[in-house]
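Morning, everyone. Please have the sequence and the model open while I talk.

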Amino acid sequence: MRQPSEIKTAFAARERLSEFTTFFLVGIGGAGMAGVAELLHQRGFTVRGSDSTDSPTIAALRNLGIQVEIGHSGDAIKPGMGLILTDAIDLQTSPEVARGRELNLPLFRRSQALGWLLGDRRVIAVTGTHGKTTTTGMVGAGLRAGGLDPLIVVGADVPEFGGAVVFGRGDWAVVEACEAYDSFHDIDPEIAILTNLEADHLDFHGTEANLKDSVGRFLSKARMGVVYCDEDEGARTMALNLAGMVVPYDASTFVGEEPLASPGAHNRLNAGAALLAARMAGADETKATKGIAAFRGAARRLQVLRESGPTIIDDYAHHPTEIVASIQALRDRYPGRRLVIVFQPHLYSRTAEFLNEFASALSLADFVLITDIYRAREEPIPGISSARIAEMLTVPHKYVPSRHVLPREVTRILQPDDVVVGMGAGTITEFTHRFAESFDRPGPTRVWVCYGGDSAEREVSLHSGAKVADALESRGYAVTLLDLSECLLNPGLNLPTERPDVAFLAVHGTHAEDGAIQGLFELLHVPYTGSGVQSSALAMDKNLAKQILSQAGIRVPQGYKVDRVEDTVELPGVTRYVVKPNTQGSTVGLSFVESPADLKSAVQKALSYSAEALVEEWITGVEISVPVLIDTVLPAVEIRPRSGQYDFANKYIPGATEEICPARLSPEMTARAADYALRAHAALGCAGATRTDMFVTEDDLVVLEVNTLPGMTPTSLLPLSASVAGINFESLCERIVRDAMERDGS
């Protein structure tokens, strides 16, 4: 925030602005700064600027011919420029400020530039704790309708004005005058409007007495007089201590026959102030009244973004009094409908000051979602958190620490006739607009098909991913094939900027089936196919999975886990072994050991793929694999390699293995295999599609392992089993996608 000492020492006198014909505006994308940029451009000055991010406002400035740099570097600042700063710019860390000082350029505040540009106009200045933007817009609308053609400068975009500035050619100018950092002292008003006055911005003013002193000094400059709200104690007290003419207004002042387009009792007060100001300025009162009544509001002031279905509204209220006024207005406009407030507190200091008041005001809604504090330039205050407000709410609510998760959380509680309001002065508007757009977003469901990876099964995954992508595209999905290892490990590549609706995990092996990639998508808050983090990790640790399955009454091979070759031992009574990595795919690094003499070399091979090897008895019999698709068992697949054992080559080389589905089992054994697969799926807490590998012995079944991301290649077992069950490959892929979205609540 701007400090009083900075205002006194860091900025040049306003009069020095007349020395320049070229200006550079730092933070040009804000509504207030963009308005000054437009005014300077309209007066014939050369204007340049910079901002941290691109935006529609910056696009509009560029359309005027104003050059805007994205990113703060100072490189575009040249000798002979006047440097104008928004109050959000830190003088100690700003590259532009450093560059300006290097060139010995004077610094100016945005308010100084505005006051200087208004020097040839008669100014109506609107100040107060709440309602400045709407009242400024109403005054402007009234004067326009009343024939005075004013210059209007509002602190937000006004749709009916086509922006934040109206280049009227009349004698009058209507401007918003903010008390936050004493910026209104750069404005010289003929008429001042005081909408209300409460303790606010004490991080700058220090005490309420200092705030009142500052407001009093500003109001005393109004040459024609001060219009004030007689229903507000703070405004009334200030006005009665002024020496000049004061004109009160209340709820009965505005007498227009037409209903106000801007709802709420607070807006009827604002309309009263606008009508008195228009009358004092000499506007046609009848026409001005109609213009004020028709004013539909500024951006983010109960701005309706979507009316049908769930109504979605963007609102700037960030003080308890404003929240109460907005909720009351919404109750009047939408009687009987559930009101869902999605609130982002603004500033740690304000949150600390009004914790109880925020909770009381928000509890007037029906449901509240509250996200983290928008800190602006403040450092966190220990013990101050949005969670503190949430704890005191007396209505159903949810604390959502990251605003990026809000669309997902609001969707989960949304009812068709809800009125959803994004509320706050920070970045909450991003949620509101995106949430509204999501209902009307054209196009299909967006799917990231994740394939490749960095495991030993990378090449297999490439085949799986390509086949899944083709299948989903044929069903009308918008598919992006994504090799996460390339994106995350290659410095030159990044994730796509457009978030997916769901991620299809066509990856295998380590960092894929072990919970790692699942954890990434949990952090991204993107629904994904397959099992969750814990289930994936349990199933991938073959030794641990065997322990869990055994406890569930499922027979598994006897064996042990080893992490050093020298610790390899023979199992009592066992002469033939299967050795495999403990955390890899089912056939990667797999060895079939005919003689105990070859056991250590097999362990050495397995340890080259994983930090631990699993040594098991070699089970003989008929090998089968039983898929489970969304808690439904599919037909068992009988696996018969044409030669040798079912290793990596026989698994993935087309034609190397005979895969018979349904497996040639007795009805009793078929039912038992289905039961084992379903119990194994449940014991590990799996979801989506799994495949349980097992051997059928003479009189029993032995489960080897559970695969949480079964292969989706032309030789894979899950697609084969699904096809026998009447589910073609395209339908299988779509079912897996829909299951992931339904489990997420999407």
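**Helix α26 and beyond**

α26 is followed by Gly 726, and the phi of Gly 726 is positive, near 90°. Keep in mind that this is a predicted model.

Now the helix itself. α26 covers residues 717–724. Which of its residues are buried? They are Leu 717, Leu 718, Pro 719, Ser 721 and Ala 722. What covers them? The cover includes four strands: β26 (622–629), β28 (637–641), β29 (657–660) and β30 (689–696). It also includes a helix, α27.

α27 takes us to a pocket. Residues 729–744 make up α27, and this helix gives two or more residues to the lining of the second largest pocket. Which element gives the largest share? That is α17, with 7 residues.

How big is this pocket? The second largest pocket has a volume of about 1,200 Å³. It is lined by 32 residues. Closest to its centre are Pro 407, Ser 438, Arg 446, Arg 499 and Asp 501. By class, the lining divides into 12 charged, 11 nonpolar and 9 polar residues.

Next, the nonpolar interior. In soluble globular proteins, nonpolar side chains tend to be buried together. Here, the largest nonpolar core has 47 residues. Which of them touch the most other members? Leu 25 and Ile 84 do. Helix α2, residues 31–42, gives the most to this core: 6 residues.

Take a look at Ile 84. Leaving out residues up to four places away in sequence, Ile 84 touches Leu 17, Phe 23, Phe 24, Leu 25, Val 26, Met 33, Leu 40, Phe 108, Arg 109, Arg 110 and Ala 113. Another core lies apart from the largest one. That other core has 39 residues, including Leu 275, Ala 277, Met 280 and Ala 293.

You'll find Leu 599 in helix α23, residues 599–607. Is Leu 599 buried or exposed? Its relative accessible area is 2%, under the 20% cut-off, so Leu 599 counts as buried. What does Leu 599 touch? Not counting residues up to four places away in sequence, its contacts are Tyr 560, Thr 568, Val 569, Glu 570, Tyr 577, Val 579, Val 593 and Val 615. Pick out Val 579 from that list. Val 579 and Leu 599 are 20 residues apart along the chain, and their C-alpha atoms are separated by 7.9 Å.

That's my tour. Over to you.

Terms used:
Residues are numbered from 1 along each chain as its sequence is written. This is a predicted model: local features need pLDDT of at least 70, side-chain atom pairs count only at pLDDT 80 or more; totals for chains, interfaces and linings use all residues. Side-chain values use heavy atoms; hydrogens and water are left out. On a 1 Å grid over the protein atoms alone, a cavity is a set of points where a 1.4 Å probe fits but cannot get out, and a pocket is an open set with protein on both sides within 12 Å along at least five of seven lines; lining residues have an atom within 4 Å of a point. Grid points are joined across faces, edges and corners, and a volume is the space filled by probe spheres set on the points. Ala, Val, Leu, Ile, Met, Phe, Trp, Tyr, Cys and Pro count as nonpolar, Asp, Glu, Lys and Arg as charged, and the others, Gly among them, as polar. Buried means under 20% relative accessible area, exposed over 50%, partly exposed in between (1.4 Å probe, protein chains only). Contact means heavy atoms within 4.5 Å. A nonpolar core is a set of buried Ala, Val, Leu, Ile, Met, Phe, Trp, Tyr and Cys residues joined through side-chain atoms within 4.5 Å.
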